[in-house]
Amino acid sequence: MKAVVETRELTKRFGDTYALAGLTITVPRGQIVGFLGRNGSGKTTTIKILLDVIRRTSGEATLLGEPTGSVAVRRRIGFLGEDKRLYSYMTVREIIAFTRPFFPSWRVETETRLLMDFELPLNRKVSALSKGMRTKLGLLLNLCRNSELLILDEPSEGLDPVMAEQMLQSLVRQAADGTTIFFSSHQVAEIEQIADHIIAIEKGRVMLEGSLDHLRQKFRRVNLVFDDPPPPEAFRRDGVDRVIVQGRTISILASRNVDEIAALGPLLAAKSVDVQSVGLKELFLEKVKGDHADS
Amino acid sequence: MVIRLNPSSGIPIYLQIVEKIRHSIEIGALVEGDQLPAIRTLAEELVVSPNTVVKAYDDLEQEGLIRLRHGAGAYVEKGNLAKSRLRRFREASVVVKETVRKLRSMGLSDDESRRLFEAEWIEKAAAR
C-alpha cells in the first residue's frame, strides 16, 4: 500500500455551491506533499473531510488505507489545523505534560530540542501566546508524537519569515524520520522549496498534480518574436497549454512537443526563439487563468 | 561547501545540488576522501526535502563522483573518472574563455551571450 491519503470523486455541497466538485487525489508515502490552492479553493474542506470533522456529500476517502473516521488510524496521524486551537488555560509546560502520556511513541529528545529551537516560554499560558508561538507549540505537540502521517492546514499562516523557515525545517526533519507530510498552503514559494509532490486545486477540482521535479522538467515557455505574427491557431497542438499574443511576441506554455514548437520559429520566419524553464508560481498562475478562460 | 539554491527557478532542486557539488569537486573545494554531509543534515541545512538530497547523491554516485557507503555517509570518490573530468573541465574552461572573447569582439554584451547559451541548453534539456 503506497498511498497514504486517497480520495475518489469527492464532493462536498454547502447549500447550492460545491466546495469540492469531484476531487481525486493521492498522497504517496514518504513524501512531502504540498496542497496548493487559493483561498476558498477547497483545501480546508478536503482536510476536514479527511479528519472526519465534516461529512462528504459523495465520493470516497481513505487515510492509511482505512476509511476516514477510524479511531485506530486517528492515533497514527498528527494534525495541525488552521486555527491552532489548544487548551488555552494551561501553560506551555502543562499542555506538553498533559499530551505526552497519550502517545507511547513520544520522543523526549525531540521535545527538548524543539523547546530550545522554538524558544517557547514554559510558564506562559497558552492564551497569552502569539499566533506564531501557538503554531510552534502545536507543531511541537505533533512532531514529538512521531506519527506516520502529519497533516497541516496552512501552517505558515501568521508566521514571520524566520518562524516560517524554522517551521519548514522542522517538517523536513520529520520527513527524514519517515513521516509523510501533507500540508496545505497558498504560498507557492514554500511549496516549491520543500515539496516532493504537489496537488494544486481550484474550485474543488485538481488543476495540477505530480512530482515537482517532473513538472519542472516537463513545462517550458517558448517565446517567439515575429515581424508579422501568425495566428495563434498555428501553434495549437498536443501539449500546448496556453498561447498568448502580445504585439510581435507569441508566448507558448507547453508540457509536450517543446522542440516541435521551437522549430516552428524558423519555419514561420520568427526573428527570435527563446525557450525558458517555468517556475511553479508561473505555472500555477497560468493554470488558474487557463481554467477561468475555459469556463 | 556553501550551497545556495534557487527553488523558484524552475530547475529541479536536486539538479541544482548536483551542479553545486560537482562544481566544488571540479574546483578542488572537495577532494578525494572528503565526507559529504549526511542526507538529513544537508536537507535540514538547505531546508529541502530529504528525498531531494537522496536523488542528488544518487545522481552523483551514478556519475562516479561520490560513493555512498551504507550507513556511513557519502564520500568524494578517488576513481579516475573524477580526474579525467577535472582535466576535461580545465580544457573546457579554455574553450569558454576563447568563445567569450570572440562573442565580445562581435559586439555582443555578456548578457546577450548568456541568454543565447541558456536558450541553447534549455532546448537541449527539453528535448531529453
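## Basis

This is a predicted model: local features need pLDDT of at least 70, side-chain atom pairs count only at pLDDT 80 or more, and totals for chains, interfaces and linings use all residues. Residues are numbered from 1 along each chain as its sequence is written, with chains lettered from A and ligands numbered from 1 in the order in which they are written.

## Domains of chain B

Chain B is assigned domain 1 (1-78) and domain 2 (80-128); the bounds come from an automatic or database domain assignment. Their centres, taken over C-alpha atoms, are 23 Å apart. Five residues of domain 1 of chain B contact five of domain 2 of chain B (C-beta atoms, placed from the backbone, within 7 Å). On the domain 1 side, two are nonpolar, one is polar and two are charged (nonpolar: Ala, Val, Leu, Ile, Met, Phe, Trp, Tyr, Cys and Pro; charged: Asp, Glu, Lys and Arg; polar: the others, Gly among them).

## Sheet in chain B

Three strands form an open antiparallel sheet in the order β1-β3-β2 (chain B). Strands are DSSP runs of E, at least two residues; helices are runs of H or I, at least four. Pairing requires at least two DSSP bridges. β2(B) and β3(B) (residues 73-76) share four bridges. B:R67 stands opposite B:Y75 in β3(B).

Helix α3 (residues 50-62) of chain B packs on the sheet and touches β2 and β3 of chain B. Its direction makes about 120 degrees with that of β2(B) (axes are lines fitted to C-alpha atoms, for helices over the stretch in contact; angles run from 0 to 180 degrees between N-to-C directions).

## Contact between chains

Chain A gives 29 residues and chain B gives 20. On the chain A side, α6(A) supplies the largest share, seven residues. That side has twelve nonpolar, seven polar and ten charged residues.

Terms used. Contact = placed C-beta atoms within 7 Å.
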